[in-house]
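Please consider the structure shown below. The questions after it are meant for a reader who meets it for the first time.

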Amino acid sequence: MRFLSAAHTDVGISKKINQDAFGLKIAKTSESNIAFAIICDGMGGLENGELASAFVVNAFSNWFENEFPVMLNGHAKPDFTQIRQRWNGIAVDQGKKIMEYGNNSHNSMGTTLTAILIVNHEYIYIQIGDSRIYKLGDSIVQLTKDQTLVAREVEMGRMTPEEAAADNRKNVLLQCIGASKTIVPDIQTGVLKEDDVFLLCSDGFRHEISEQEIFGVMAPPLLTDEKVMKKSLVDLINLNKKRNEKDNITALLVKAVH
């Protein structure tokens, strides 16, 4: 199995600085092809949000480039338990560093984290905050759960999805790296099929468009090559901007193919 990939980011229509950061890496070993994608949505005054998201993307990218090959050590299948422990450690460590940096600069800062590693027919992902991962196959499925106040209210049955979408607290996070003293990452694993597509996105990508609109452009049979994948990202990001989305907007695509 090999991977096609594409990414696009846009500062949006109202902000001067893009506080989103992302990484997208495709690697090949003697045993398998590997895809790693990460997206972080930073928040904070001045340029601090931009720094927070970049810190975390760099930390996980360094893990992928330097530590992960040692973990593999010639094996076709990585130890997901070992990866889970290491990812948790990186997230907690980055949270402490970002909080300390923010305290020293007298400006709070933080970032969401969503990342996925795909090896052969398996994947593992980590989630902190409200950046999302969707898996598109025969339909579109949201893999991650938003760690927001309104998402918790919906899950508890105290609010409908429609009420949550209109609530002015919809961007209030339950946790994020750098602003939360305690971080509990959600780390899950799964199995994929050939031609499955993974979409990672910051929340600015999905406020003004529906899952049906995403699937209508990004259903696996439509994404025939990386040029088409890139155009689909640009088109949907532009549609968000046309509908007056004011946040930074970032999205990544990874497709598993023959």
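The following questions and answers concern a predicted model.

Q: How are helix H1 and helix H2 oriented relative to each other, roughly parallel or roughly antiparallel?
A: Helix H1 spans residues 48-72 and helix H2 spans residues 80-104, and their axes lie 10 Å apart. The two helices pack at an angle of about 150°. Angles over 145 degrees count as roughly antiparallel. H1 is therefore, relative to H2, roughly antiparallel.

Q: What is the handedness of the crossing of H5 and H6, left-handed or right-handed?
A: Helix H5 covers residues 211-218 and helix H6 covers residues 226-242; they pack with axes 10 Å apart, at an angle of about 150°. The pair is therefore roughly antiparallel. The way in which H5 passes H6 is right-handed.

Q: How many residues of the contact of H5 with H6 are nonpolar?
A: On the H5 side the contact involves Glu213, Ile214, Val217 and Met218, and these meet Ser232, Leu233, Leu236 and Leu239 of H6. Among these residues, 1 is polar and 1 is charged. The number of nonpolar residues is 6.

Q: Is Asn240 buried or exposed?
A: Asn240 has its place in helix H6. Leaving out residues up to four places away in sequence, Asn240 touches Gly204, Phe205, Arg206, His207, Glu208, Ile209, Glu245 and Ile249. Its relative accessible area is 0%, and a residue under 20% counts as buried. Asn240 is therefore buried.

Q: How many disulfides does the structure hold?
A: A disulfide requires two cysteine sulfur atoms within 2.5 Å. The sulfur of Cys40 has its closest cysteine sulfur in Cys176, at 11 Å, which is too far for a bond. For Cys201 the closest cysteine sulfur is that of Cys40, at 13 Å, again too far for a bond. The number of disulfides in the structure is 0.

Q: What is the relative accessibility of Cys201?
A: Cys201 counts as buried, and a buried residue has a relative accessible area under 20%. The value for Cys201 is 0%.

Q: What distance separates the C-alpha atoms of Thr114 and Cys201?
A: Thr114 is located in strand S5, which covers residues 113-119, and at 0% relative accessibility Thr114 counts as buried. Along the sequence, Thr114 and Cys201 are 87 residues apart. In space, their C-alpha atoms are separated by 8.5 Å.

Q: How far apart are the C-alpha atoms of Ile126 and Lys77?
A: Ile126 lies in strand S6. Ile126 and Lys77 stand 49 residues apart along the chain. The separation of their C-alpha atoms is 18 Å.

Technical notes:
Residues numbered from 1 in each chain as written. Predicted model: local features only at pLDDT ≥ 70, side-chain atom pairs only at ≥ 80, totals over all residues. Heavy atoms only, no water. Axes fitted to C-alpha atoms, helices over the stretch in contact; angles between N-to-C directions. Helix = DSSP H or I, 4+ residues; strand = E, 2+ residues; numbered from the N terminus. Parallel < 35°, antiparallel > 145°, perpendicular 65-115°, else oblique. Left-handed = near helix turned anticlockwise from the far one by under 90°. Contact = heavy atoms within 4.5 Å. Nonpolar A, V, L, I, M, F, W, Y, C, P; charged D, E, K, R; others polar. Buried < 20%, exposed > 50% of the residue type's maximum accessible area, 1.4 Å probe, protein only.
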